[in-house]
Each structure stands twice: as C-alpha cells, then as structure tokens.
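User: I am new to this structure and would like to learn how to read its features. Please take me through them step by step.

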Amino acid sequence: MTNPAPDQPLTFLLSPAHLGGVRGGQLLNPAAGFPLAQRLHGSGGATLGELFSFVSALYFRGKLAYASRFAPPAGRILVITSNRGLLPPSALMRPADLAGFGAVDIDPDDPRYADPLRRDLRTLPGGPVLFLGSLATPKYLAILEPELGARLLVPGDFAGLGDMSRGSRLLRAAAAGQPLAYRGTAGRSP
C-alpha cells in the first residue's frame, strides 16, 4: 500500500512507554525535585505525551515527534494505555493515573486492557491507522488487526529493529520532513 495522501485523515496509534523502570520511578516519587515530576504531583498534573516522552526518552519521544510532524490537519494522535483505551497525548495525568497504568498488564487476554482498547478502536473515524509500536509480540496486533483490518498500517522497515533503532529512525524522519514508507500488517513476520 502506498502512503495516504497528505490531506487524507490518518490516525496515529502510539504504543505506551513502560513505567516500571528507573525513570518511571523518578516520576512517581513525590519527593522528586525536577519540574516535570513536580507538575505531575502538583494540582495541574502533566500531559501523557510529556510523561511518556520522559520515561522513554528515545522511542516514545520519537513516536510522538513523528506523529506530530506528519499528522494531517484532519488526523489524530492517540496513545494506547493499559487500562483506559486510547488517550490523546495532551490528556492530563496525575500520579494515580500512572499507578493505574502500572497495575494492568498489556495482555490481549486481559479484559481490563482489551475491552477499553476495542471500545475506542470502534469509534475511530474511517481511513488509515498507522501503528507505531512493537510488531514482535501479539500484545497490540492481536487486538488491532481484527478491529482495523486492512486500514492498519505500520512503518515498512520496523520489523526486526529494536526500540532504540526505531526511535532514532522516527526522530530523523520527523526532523528531515520525510515520512517513512508504510505497509499493511498482512503477511508480517512474527
């Protein structure tokens, strides 16, 4: 499949960042002194996009930069979550929200993850959906493929690349203004 026309509505789906590492722990520490953590724990909260970009400083940041650069005016950017379906990167988060994400595994057999994701996928407008995330496990595609069918696209050269390589490739493409080539998921390598 060729890439959608620049004015065609395109939805970007971004896989989430893992909150269980060192950087996630730093964010969740109420005594953390850096500005992002202070905002998260303060009355205003912080956005999902900036929190996940902090936790995954290369891969998620690359996904968000790429989607932000190439989303057409009628397109949308949504982040897959472990327990709340799809959320925009601009959604305000508080510590309890992040703790809730950490309490549910991303497992297609877990209804706490699968049901909200299926619900939100069914409300997406028509048109292509570009998934920026791992193709190596069924945790995303086991739900995305049946719900989206031929509408689901992925970057053509993501198969076999690690997170760091994918993140840097996305950042370079966004900076250069050159979108990657997309393909459907039929016949993908496991």
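Analyst: Start with Ser 56, which touches Ala 17 and Arg 61, residues up to four places away in sequence not being counted. Contact means heavy atoms within 4.5 Å. This is a predicted model, where local features need pLDDT of at least 70 and side-chain atom pairs count only at pLDDT 80 or more, while totals for chains, interfaces and linings use all residues. Residues are numbered from 1 along each chain as its sequence is written, and side-chain values use heavy atoms, with hydrogens and water left out.

User: Is Ser 56 buried or exposed?

Analyst: Buried means under 20% relative accessible area, exposed over 50%, and partly exposed in between (1.4 Å probe, protein chains only). Ser 56 has a relative accessible area of 17%, so Ser 56 is buried. Ser 56 lies in the loop between α3 and α4; helices are DSSP runs (H or I, at least four residues) and strands likewise (E, at least two), numbered from the N terminus.

User: At what angle do the axes of α3 and α4 cross?

Analyst: Axes are lines fitted to C-alpha atoms, for helices over the stretch in contact, and angles run from 0 to 180 degrees between N-to-C directions. The axes of α3 (residues 48-55) and α4 (residues 59-70) cross at roughly 140 degrees and come within 6 Å. That makes α3 oblique to α4; angles under 35 degrees count as roughly parallel, over 145 as roughly antiparallel, 65 to 115 as roughly perpendicular and the rest as oblique.

User: Which residues of α3 and α4 meet?

Analyst: Gly 49, Phe 52 and Ser 53 in α3 meet Phe 60, Arg 61 and Leu 64 in α4.
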